[in-house]
Amino acid sequence: MAPKTAPEKSRNSWERNPEISWKIPIFCVLQFGAETQQSRVVPGGAATRPLPPPRGDQPPKSEVFVDVLERLSVVIAANGTPLKVDVQGEIRLKSYLPPCTELRIGLTEEFCVGKSELRGYGTPVRVDEVWFHSSVRLDEFGSGRVLRVTPNPGEMTLMQYQVLDELPAPLPFRLFPSLDTDGGGRIRLYLKLRCDLPPKSHAVNVCLQLPVPKGVSSLSQELSSPDQAAELDLGSRSIRWQIPKIQGGSQLSALFKLEVPCLSRCWRLELGPAHGSFELPAHSCSGLRVRFLRLSGAPGQRWVRYLTHSDSYVLRM
């Protein structure tokens, strides 16, 4: 059997041919051209890997790939209150369509810009700012939230947006720490990490990095599942707790015992905050979805993928 190419390997993370009905008012939008376009691609992973051209004598496939990529920056207080929420999102297009093929992209009916606009009958999908590439035609956007574009072969960013402070769903993670000391130079740190994603969603490549007090000499651990791993990094003076995958609605725990021969009275002030990193496949924190992709002319394969990546996720203790 011939080896699969990169697009074939990654197709299982794309939704094929989304198609739903639609409806929608008008507001002023800003546009940007290629000369001012900023690169906001999620670093690493398949989302930013260019798709290779067809090889050999195989005719090129008529395909289009749409990525909805979001970067999440959060600061959460010790009591669980969000102090900062910032989502930087973009819709990226990878086109292998014949020349002069028009693509129509229908976005969420309830897509709103600003806090005063209200659309549709479901939960509003609000953004604070939005920018479009200058090649995107917006004549159907006010009434139907439809983007029209005739893409050249290759990649381009169709739309960028920002969400501040308010999200339609809870933040992905909440940390519950418990601390005590035996008075003899040992700190007992119990962490419970709760995943507040919907039960059908999950997070992968989760890593929690927690600064520890000065003078820590060793670490012992008890983890709630065998696929987890943890280590003490003396160079950065922190614990790295790594979780390959966690399902929405579940929680994991870890008990760390830190040996500190010369424990200071201020050791609690030296512990934390925790910094999390993770990826959320098939999930957008803003709630933005693609309702349909429609092509003019000859039929082609259409794929949509969602990915949220942590940019900075700080959990105070």
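**Figure 1. Strands around the second largest cavity.** In this predicted model, strands E13 (202–211), E18 (274–281) and E20 (301–315) each supply at least two residues of the lining of the second largest cavity. Strands (E, at least two residues) and helices (H or I, at least four) are DSSP runs, numbered from the N terminus. A cavity is a set of points, on a 1 Å grid over the protein atoms alone, where a 1.4 Å probe fits but cannot get out; lining residues have an atom within 4 Å of a point. The second largest cavity has a volume of about 40 Å³. A volume is the space filled by probe spheres set on the points, and grid points are joined across faces, edges and corners. Among the lining residues are Phe173, Leu193, Cys207, Phe278 and Tyr313. Eight lining residues are nonpolar, two are polar and none is charged. Here Ala, Val, Leu, Ile, Met, Phe, Trp, Tyr, Cys and Pro count as nonpolar, Asp, Glu, Lys and Arg as charged, and the others, Gly among them, as polar.

Residues are numbered from 1 along each chain as its sequence is written, and side-chain values use heavy atoms, with hydrogens and water left out. Local features need pLDDT of at least 70 and side-chain atom pairs count only at pLDDT 80 or more, while totals for chains, interfaces and linings use all residues.

Figure 2. Strand E11 (residues 173–181) pairs with strand E12 (residues 186–195) in the antiparallel sense, over nine bridges. Two strands pair if DSSP finds at least two bridges between them. Phe173 stands opposite Cys195 in E12. Four residues lie between the two strands of this hairpin. In the turn, Gly183 has a positive phi of about 80°.

**Figure 3. The largest cavity.** The largest cavity holds about 60 Å³ of space. Its lining includes Lys115, Arg126, Asp128 and Glu166. Strands E7 (125–127) and E10 (154–164) each supply at least two lining residues. By class, the lining has four charged, three nonpolar and one polar.

**Figure 4. Met159 in the largest nonpolar core.** This core has 69 residues, and Met159 and Trp241 have the most contacts inside it. A nonpolar core is a set of buried Ala, Val, Leu, Ile, Met, Phe, Trp, Tyr and Cys residues joined through side-chain atoms within 4.5 Å. Strand E3 (residues 63–76) gives the most to the core, with six residues. Beyond its neighbours within four places in sequence, Met159 is in contact with residues including Ile91, Phe111, Trp131 and Leu288. Contact means heavy atoms within 4.5 Å.

**Figure 5. Ser62, in a loop.** Ser62 sits in the loop between strand E2 (30–32) and E3. Ser62 counts as buried because its relative accessibility is 19%. Buried means under 20% relative accessible area, exposed over 50%, and partly exposed in between (1.4 Å probe, protein chains only). Leaving out residues up to four places away in sequence, Ser62 touches Tyr96, Leu97, Pro98, Pro299, Gly300 and Gln301.

**Figure 6. Pro281, in a strand.** Pro281 lies in strand E18. With 24% relative accessibility, Pro281 counts as partly exposed. Pro281 and Thr308 are 27 residues apart along the chain, yet their C-alpha atoms are separated by 6.6 Å. Not counting residues up to four places away in sequence, Pro281 touches His202, Val204, Tyr306 and Leu307.

Definitions and conventions. 1 Å grid on protein atoms, 1.4 Å probe; cavity = no way out; pocket = protein on both sides within 12 Å on 5 of 7 lines; lining within 4 Å.
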